[in-house]
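Colleague: I would like to learn how to read a structure. Can we take one feature at a time?

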Amino acid sequence: MAELTPRLAARHDVHLFCLSVRDVDLSGVTIHRLGDLSLPMGLRALWFLLVSSLVVRPGRYDVVLSQGGNSLVSNFMLAHTTHCQRRRMRLQRQWLLGRTPLWRRAWEALRDRLFIAMEGRAARRCRGRVIAISRSVCDYFVRQWGLAPDEVHIARNGVDHGVFRPDLRDEARPRIRSQLDLAEDEFVALFVGGRWVDKGVPEIIAALPRTRTRPRLVVVGSGDRARFARVAQGLGVAHRVTFVGHVDRPQDYFAMADCLVHPNPIEPFGLVILEAAACGLPLLAARSGAALDLIEEGVTGYFVEREPDAIAAGLDRLAAPELRAAMRDAVHQRSLEFSWDRQADEIERLFLRLAEPAGAREGAR
């Protein structure tokens, strides 16, 4: 939304309803802050759903665009989550979470049911006006909610190629490796993201002792470091795993690494996959989200299953420096097909084609 809003505001009257706002050019945008309570993420989402649906008057606007199912009054939906898949994956992998308090399991079950219900409601309400951010999200809405293929439109996310670019490698690689005590010639695999259990960090760590080439793993993002450090210790690979935490410049870590590992099979898009590609980083990823458009086997990376043996085999294939060097330019070139301007243009064309004509309601925006 931070990328889409200012681009649409350059040509249209745009009102942004939000709890808080940052990283947005506010010139030409009318901001409606809805009261950002200090609540956990799930409760914040439910609060936004309730308040936005009360204060937004759909008759005043040609387009009311919701993110997923976060509004009861939208007439367009930007689909960027797949709640049914996430719920199924969480249930299948419950054993990885250990003993979870009963109250937490009950809350998660209730939250998931509400999110799934709102997603389905929005899909039906916005039928024919659902905009998916990837092919896999489009397929999910067709399969899960019974929409026809031509009722879901794809407008892929973009990347800022001025920020994520290959030439960062010359300066950032030696600097970050020095900070992390990594040798220049060490093979370093990178994971970037949160929700570590959901996104496959346990399987990545479990893959390390199964490799022949003994790569190092750097994990960037927020998560339970102590818990996953114990997992690495138990597998005898604690010395090969470095947890960095949240960073303000992920592009420097893409430049430092030799490949990105992202084996989440239900990734709706995966901005980090695209950002890594824009930096020229070979990819190991599941067949989902942006990876479907970025990975050509043996040219820009490899598809991997979310299994330690498969991840280990993929890492060993990418251990050859000459192969990675050949992939760097190819994966960067593939990333050039993605831009925020392109996504905004595609969404704008859908609005102009599918929204009720502007003159049909006085004062509509």
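Colleague: Does Cys259 count as buried or exposed?

Modeller: Buried means under 20% relative accessible area, exposed over 50%, partly exposed in between (1.4 Å probe, protein chains only). Cys259 has 0% relative accessibility, so Cys259 counts as buried. Note that this is a predicted model: local features need pLDDT of at least 70, side-chain atom pairs count only at pLDDT 80 or more, and totals for chains, interfaces and linings use all residues. Residues are numbered from 1 along each chain as its sequence is written, and side-chain values use heavy atoms, with hydrogens and water left out.

Colleague: How many disulfides are there?

Modeller: A disulfide is a covalent bond between the sulfur atoms of two cysteines. The test is a pair of cysteine sulfur atoms within 2.5 Å. By this rule the count is zero. For Cys138, the nearest cysteine sulfur belongs to Cys126, 15 Å away. Cys259 is in no disulfide either; its nearest cysteine sulfur, that of Cys279, is 14 Å away.

Colleague: What is the strand order in the open sheet?

Modeller: Strands of a sheet pair through backbone hydrogen bonds, either parallel or antiparallel. Here two strands pair if DSSP finds at least two bridges between them. Strands (E, at least two residues) and helices (H or I, at least four) are DSSP runs, numbered from the N terminus. The four strands run β3-β4-β5-β6, with parallel pairing. β3 and β6 are the edge strands, each pairing on one side only. Between β4 and β5 there are three bridges. Met77 has Val130 in β5 as its bridge partner.
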